[in-house]
Amino acid sequence: MVVHQRWAIAILRVKEMKVEGDKTIVSFMEPESRLEFDHPWPQPVIGGEKGNSSFLLRTTEQRDGIEQLVIVDGANYVRFEDVTFKHTCWNRPLHKGHVTLQGGFPLVDAYKLAVPGLPWDKDLENQAWVERPVSAVTVRNAHHVDFHSVLFENLAATALDFVDNVSDCVVQKCTFGNIGGTAIMGGSFAESPREVHRPYTDLAKRCQRLTIKENFVVDVANEDWGAVGIALGYVRHCTISKNHVFFLSYSGICVGTVKNYARQLYDAGGIYTLSNQPGSVISDNIIGAPYPAPYATNDRGFRIYLDARTDGFTIENNKTPVVDGSPINKKPSTAEALRPIRRDEIGDNNPGPNLIFKL
């Protein structure tokens with residue numbers, strides 16, 4: 001059973017469906033069935049804020065098979081060019097279920113604080129531990145590993161992941177299509193055993209000087225709707241530029257041309273940021289309006305979304321088509337009318353004091 005949770009989905013393994021009159025009682029396998037008041041575990045909220053979560057009864061096509069194609073571990077100065085990576089599986093939902101925090105990161109455990117607030121966040125209400133999604137191509141403990149004109153297609157989870165202890169890598173002129181999860185991921189997202197909400201000062205140096213440019217990212221997050229186009233966690237000195245990112249179920253989290261996003265979920269952004277990232281710039285992007293998602297219960301979709309105390313950014317010279325709706329595979333041309341993105345088209349969630357807007 002797939003549960004729509006506004007900005008994420010859960011995939012629950014059904015144990016039994018018992019019909020009693022005009023009602024059906026559905027039970028799930030462990031650990032999906034653990035109740036929050038019985039054991040700290042997140043549960044879908046039914047009848048919550050501004051509408052109900054949606055239960056989508058649909059079959060999945062995951063099967064036991066190959067999940068990872070290439071692992072680069074400890075090798076430097078490697079270049080992949082004009083090759084194709086395709087056809088992997090995503091087996092986790094078959095064996096563990098798939099309940100995520102956000103961005104396709106499965107929860108290992110989570111609980112609500114009895115008394116809100118911790119030393120690093122006085123308003124924090126919960127704790128959570130996550131694990132990293134599986135990836136078809138994985139790079140770790142390496143530098144100068146480049147991907148040029150590579151095709152990634154028909155991959156069931158993350159396509160390309162720069163996991164840990166990586167630097168000076170380039171992804172250029174690659175095409176990502178029909179991806180079940182995130183297309184390009186890099187840097188730590190404070191996976192377990194670290195608690196994900198706590199800020200860490202040592203992680204950004206573990207992934208630095210990534211260049212992601214001139215790539216084509218289309219039809220992404222079509223299995224795990226909560227995944228994104230391009231996702232960078234704790235990183236530094238990274239450049240994401242001139243990418244064309246479209247046809248996404250949730251956020252783009254990218255820089256370049258972004259449109260036809262938020263196709264299934266909400267609380268999303270064409271460009272989506274989290275936390276304090278001093279010296280960062282969001283500029284010279286073309287970002288369309290959020291797509292009218294069929295299940296979302298309100299309109300929390302933004303061209304740029306500054307979530308969870310975003311700070312340290314300069315935001316300038318970003319534009320949007322005057323009339324959205326050009327074909328999804330068509331980059332807006334100079335002849336098409338563009339206008340600056342207005343301040344009211346940028347979503348805020350407790351932003352910091354050091355944001356600079358030059359719209």
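How many aromatic pairs does the count come to? The count comes to 13 aromatic pairs, where rings of Phe, Tyr and Trp (its six-membered ring) pair if their centres lie within 6.5 Å, and planes under 30 degrees apart count as stacked, over 60 as edge-to-face and the rest as tilted. Two of these pairs share Phe85. The rings of Phe80 and Phe85 are edge-to-face, because their planes stand at 70° with the centres 5.9 Å apart. Phe85 and Phe152 form a tilted pair, with 5.4 Å between centres and 35° between planes. This second pair links distant parts of the chain, since Phe85 belongs to strand β8 (residues 84-86) and Phe152 to strand β14 (residues 151-155), 67 residues apart. Strands (E, at least two residues) and helices (H or I, at least four) are DSSP runs, numbered from the N terminus.

The model is predicted: local features need pLDDT of at least 70 and side-chain atom pairs count only at pLDDT 80 or more, while totals for chains, interfaces and linings use all residues. Residues are numbered from 1 along each chain as its sequence is written, and side-chain values use heavy atoms, with hydrogens and water left out.

**Aromatic cluster and core**

Phe80, Phe85, Phe147, Phe152, Phe162 and Phe176 form one aromatic cluster. Both Phe85 and Phe152 are buried; buried means under 20% relative accessible area, exposed over 50%, and partly exposed in between (1.4 Å probe, protein chains only). The largest nonpolar core has 63 residues, of which Phe147, Phe152, Phe162, Phe176 and Ile304 touch the most other members. Such a core is a set of buried Ala, Val, Leu, Ile, Met, Phe, Trp, Tyr and Cys residues joined through side-chain atoms within 4.5 Å. Leaving aside neighbours within four places in sequence, Phe147 is in contact (heavy atoms within 4.5 Å) with residues including Phe80, Phe85, Phe152, Phe162 and Val171. Another core, of 16 residues, lies apart from the largest one, and has Met1, Phe28, Met185 and Leu203 among its members.

**Accessibility of selected residues**

| Residue | Relative accessibility | Class |
|---|---|---|
| Phe80 | 17% | buried |
| Phe85 | 9% | buried |
| Gln127 | 8% | buried |
| Val171 | 1% | buried |
| Arg342 | 42% | partly exposed |

**Strand residues**

Val171 is found in strand β15 (residues 158-172). Beyond four places in sequence, the contacts of Val171 include Phe147, Phe162, Phe176, Ile184 and Ile212. The C-alpha atom of Val171 is 8.0 Å from that of Leu210, 39 residues away along the chain.

Gln127 lies in strand β11 (residues 126-130). With residues up to four places away in sequence not counted, Gln127 touches Asp109, Ala110, Tyr111, Leu113, Leu118, Glu195 and His197.

**Arginine side chains**

Arg342 is placed in the loop between β28 (338-340) and β29 (346-348). Its side chain and that of Asp344 are joined by a polar contact of 3.0 Å. A polar contact is a pair of N or O atoms within 3.5 Å; within protein, one must be able to donate a hydrogen and the other to accept it, and residues adjacent in sequence count only if both atoms are side-chain atoms.

The charged end of Arg263 sits over the ring of Tyr291, 3.8 Å from the ring centre. For Arg343 the ring is that of Phe357, and the distance to its centre is 4.0 Å.

Methods: Lys NZ or Arg CZ within 6 Å of the ring centre and 35° of its normal.
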